[in-house]
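Here are my notes on this model, as numbered points. Have the coordinates open while you read.

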Amino acid sequence: MDLKKILDDSKYFLSKSELEINENELKKLQYLIQTHSGLYYNKDKIIISDTEYDDLLRKLKYLENKFGLEVKVSNNVGSNLKESSFEKVKHSRPMISLDNTYNEEDLNDFNDRVIKNIILSNIWEEEKSVKYTIEFKFDGLGVELIYKGGNLIQALTRGNGIEGEDVTQNVMQIDNIPKVIDYLDDLEVRGEVIMPISIFEKLNKKSKEEGGKIFSNPRNAASGSIRLLDNTVTKQRKLKFFAYDLANFEEFIKKENINNYYNVIKKLESLGFDISAYFKKCNGINEIIKSIHDFGNTKKQIDFEIDGLVIKVNDISLWKNIGTTQHHPRYAIAYKFPAEILTTKVIGVEHSIGRTGTITPIALLEPIFIGGVTISRATLHNYDEVEKLDIRIGDSVFIKRAGEVIPKIISVIKNVRNSQEIKIKVPEYCPSCDSKVIKDNNKVRYYCDNKCCFEKNVGKLTFAVGKQGFNIDGFGEKQVRLFLKKGIISTLDSIFLIKNKKDEILNLEGFQDKSVNNLVEAVEKSKKVKLSVLITSLGIAGVGKKVSKSLSLLLKDVIKGKQDISELTIDDFELIDDIGSEIAFNVISYFEDIYNKKIVERLVELLEIEYPEQKKANLVFSGKKFCITGSFDNYKRDDLIEIIEKNGGEFVGSISKKLDFLLAGDKAGSKLKKANDLGVFVLSIDDFLLKIDF
Ligand SMILES: [Zn+2]
């Protein structure tokens with residue numbers, strides 16, 4: 001099978017709208033869908049993402065209907081059981097899948113259809129708001145568990161929905177599935193088998209070391225694990241099962257005298273089944289939509305893949321009236337999260353130079369629209385990562401938009417290589433200044449050591465004028481780059497002489513009197529600065545905002561020129577919390593350099609530096625660590641940090657056992673929970689102010 005051609009053809013259809021595809025091309029699209037479906041279910045070898053597959057399938061469905069095809073491939077894709085050696089068993093009732101939606105408009109349409117069907121069946125006389133439930137949509141493998149007389153007697157995969165594979169022996173190895181339940185009538189519980197992400201990562205790591213099979217995602221790993229012939233291996237895979245459906249709802253609700261879905265699932269939970277940790281009732285579709293909005297980052301906190309949320313009508317007695325299409329129930333729908341993984345091609349590489357001289361490979365991509373933005377570059381982090389993923393120019397890759405902004409290449413689709421791909425090499429010379437690139441043997445780091453390297457200085461000065469440093473309004477990378485190029489600035493101190501260069505700046509394109517005056521004014525304003533901010537802005541490796549604060553007292557006299565750096569030893573540094581020998585070494589090297597020393601001297605002359613006071617040992621918060629969460633009516637976060645520090649305390653960003661107090665305001669979230677779990681003392685704002693007699 002020519003996978004490269006299949007990927008190219010798929011890309012072609014992905015790039016066309018269904019209206020642009022003609023009847024002659026339909027056969028090809030059918031073939032593609034069948035091929036992908038085969039790859040998906042039987043070989044754990046996937047070359048397009050789920051979203052892309054869904055997109056192709058949607059187009060095929062539309063076209064098969066439009067051109068009135070009698071045999072519709074889109075109706076039959078699913079699992080192809082022929083290659084499996086497990087016994088096939090028919091489901092007592094078909095396991096039909098849910099319809100998918102990606103947007104609010106579709107959810108509103110779904111709600112309208114639900115209401116319409118209830119009214120049409122004469123149950124309601126007028127429109128009312130429907131009560132729904134909402135829960136995780138697990139990205140795993142659908143499985144049915146059959147209990148008789150309280151014992152688990154059989155387990156089937158979803159298969160093609162009509163019949164599945166008998167995987168009883170393997171399912172018996174899943175710890176969180178009850179093998180015996182306190183319910184003696186027949187019960188057929190449906191749910192999803194998943195592999196926790198942490199287990200998936202360990203499995204792949206181990207497998208790689210041993211030269212074994214690498215799974216492309218937790219779902220494939222779960223699917224592979226449940227169909228292993230050796231069930232002792234299945235046990236090691238630590239799969240989990242979550243229940244969300246019954247094949248025999250009617251008997252169960254009659255018997256248990258329950259009339260809504262929520263209570264059915266809660267009953268299953270009481271019988272010993274794990275259910276979606278996120279599971280709640282909502283009144284009306286607007287509450288559902290709000291829940292989806294609020295859902296936000298919950299996804300990142302759980303150890304298994306979910307690809308959306310499932311919405312169901314809570315009142316089971318309405319289900320029959322709302323009905324089912326040939327393929328999906330009408331009383332439930334899956335809201336899928338926006339596309340996060342897509343495929344694209346690496347068309348080149350750029351070697352970018354950071355402020356400390358570190359050279360980072362950046363992949364140039366065929367532009368791709370993902371998560372609402374077009375991406376054409378992705379950082380490859382370092383050359384070790386490039387080697388690890390074996391990314392080459394010309395490769396097709398899976399790309400994921402992690403979090404909100406930074407796109408990341410997660411793997412290479414090696415099946416489609418045509419041996420024209422070019423390996424990415426560490427450049428021998430700095431692409432900006434042509435100096436020889438140096439390898440840092442302790443770390444995976446290559447860097448340019450030239451102090452006059454243009455790109456390095458752009459990075460350095462941009463950092464210094466940015467938020468972490470002097471925070472000068474209207475001064476960013478664009479201005480730094482331009483001014484450096486025109487010789488208006490050179491080193492950090494020269495920025496503070498910019499008022500003498502007004503005329504030169506005015507000659508540059510895009511600057512007028514007003515903008516130049518504003519810039520000069522902003523620079524003048526930034527001259528009044530805390531010592532720690534100045535230290536951060538020097539751009540010493542490893543010395544960020546927090547470390548700079550810790551170093552302020554020690555370096556005070558060195559900066560003032562009253563003490564030579566040679567009078568300080570590494571030990572002096574290591575006495576300070578959070579400072580190790582590496583940072584100490586970097587700081588000492590920086591100040592030993594005569595060139596840097598001159599810059600600092602000039603900065604001291606130009607700036608109005610606020611030096612820190614010697615800490616008094618008996619301040620009320622001396623030696624205490626604080627963290628802050630939530631919001632406060634009368635205080636900004638920074639104000640509170642200042643109060644803590646003024647009173648001898650230390651502010652830290654995260655919760656740990658070492659923390660002494662968590663200051664919690666309104667809408668405190670996960671930090672508060674964690675603090676409570678760890679037994680950290682929680683302070684309200686009033687308690688806090690009381691402590692310092694405010
Ligand atoms: Zn360079």
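1. Which side chain meets K266 in a salt bridge? The partner is E269, with 3.3 Å from N to O. A salt bridge here is a side-chain nitrogen of Lys or Arg within 4 Å of a carboxyl oxygen of Asp or Glu. Because K266 and E269 sit three residues apart in helix α11 (residues 261-270), about one helical turn separates them. K266 has a relative accessible area of 33% and is partly exposed; E269, at 36%, is partly exposed too.

2. Some ground rules before going on. This is a predicted model, where local features need pLDDT of at least 70, side-chain atom pairs count only at pLDDT 80 or more, and totals for chains, interfaces and linings use all residues. Residues are numbered from 1 along each chain as its sequence is written, and side-chain values use heavy atoms, with hydrogens and water left out. Buried means under 20% relative accessible area, exposed over 50%, and partly exposed in between (1.4 Å probe, protein chains only). Helices (H or I, at least four residues) and strands (E, at least two) are DSSP runs numbered from the N terminus, and two strands pair if DSSP finds at least two bridges between them.

3. Back to the charges. The salt-bridge count comes to 36. One of these pairs is D8 with K4, whose closest N and O atoms are 3.0 Å apart. D8 and K4 are four residues apart in helix α1 (residues 3-15), so they are separated by about one helical turn. D8 is partly exposed at 39% relative accessibility, and K4 is partly exposed at 21%. Elsewhere, E18, D55, R58 and K59 are linked in a network of salt bridges.

4. The pair I'd look at next is R190 and E144, a salt bridge with its closest N and O atoms 2.5 Å apart. This one links distant parts of the chain: R190 is in strand β7 and E144 in strand β4, 46 residues apart. Buried or exposed, where does R190 stand at 5% relative accessibility? R190 counts as buried, and E144, at 0%, counts as buried as well.

5. Strand β4 (residues 141-148) is mostly covered, with seven of its eight residues buried. β4 and β7 run antiparallel and are joined by seven bridges; L141 has V193 as its bridge partner in β7. β4 is also joined to strand β5 (residues 151-157) by six bridges, again antiparallel, and L145 stands opposite A155 in β5. The hairpin of β4 and β5 has two residues between the strands, and G149 takes a positive phi near 60 degrees there.

6. Still in β7 (residues 187-194), check I194. I194 is buried, with a relative accessible area of 2%. The C-alpha atoms of I194 and L239 are separated by 5.8 Å, although these residues are 45 apart along the chain.

7. There is an open sheet of five strands with mixed pairing, in the order β2-β11-β10-β3-β9. Strands β2 (100-101) and β9 (279-283) stand at the edges with a single partner strand each, so one side of each is left without a neighbour in the sheet. β9 pairs with strand β3 (residues 131-138) in the antiparallel sense over five bridges, and Y132 stands opposite C282 in β9.

8. Further along, strand β25 (residues 661-664) is covered on both faces: F661 and L663 on one side, L662 and A664 on the other, all buried. β25 pairs in the parallel sense with strand β23 (residues 625-629) over four bridges, where C627 has L662 as its bridge partner.

9. Last point, the surface charge. D99, E105, D106, D109, D112, E125, E126 and E127 form a negative surface patch. Patch residues have over 30% relative accessible area and no salt bridge, with like charges joined within 9 Å. D112 lies in helix α5 (residues 104-120) and counts as partly exposed at 48% relative accessibility.

How values were computed: Patches are made of residues with over 30% relative accessible area and no salt bridge: like charges are joined within 9 Å, nonpolar side chains (Val, Leu, Ile, Met, Phe, Trp, Tyr) within 5 Å. Accessible areas come from the Shrake-Rupley method with a 1.4 Å probe; for residues, only the protein chains shown count as cover. Lys and Arg count as positive and Asp and Glu as negative; His and the chain ends are not counted. The place of a charge is taken as NZ of Lys, CZ of Arg, CG of Asp or CD of Glu.
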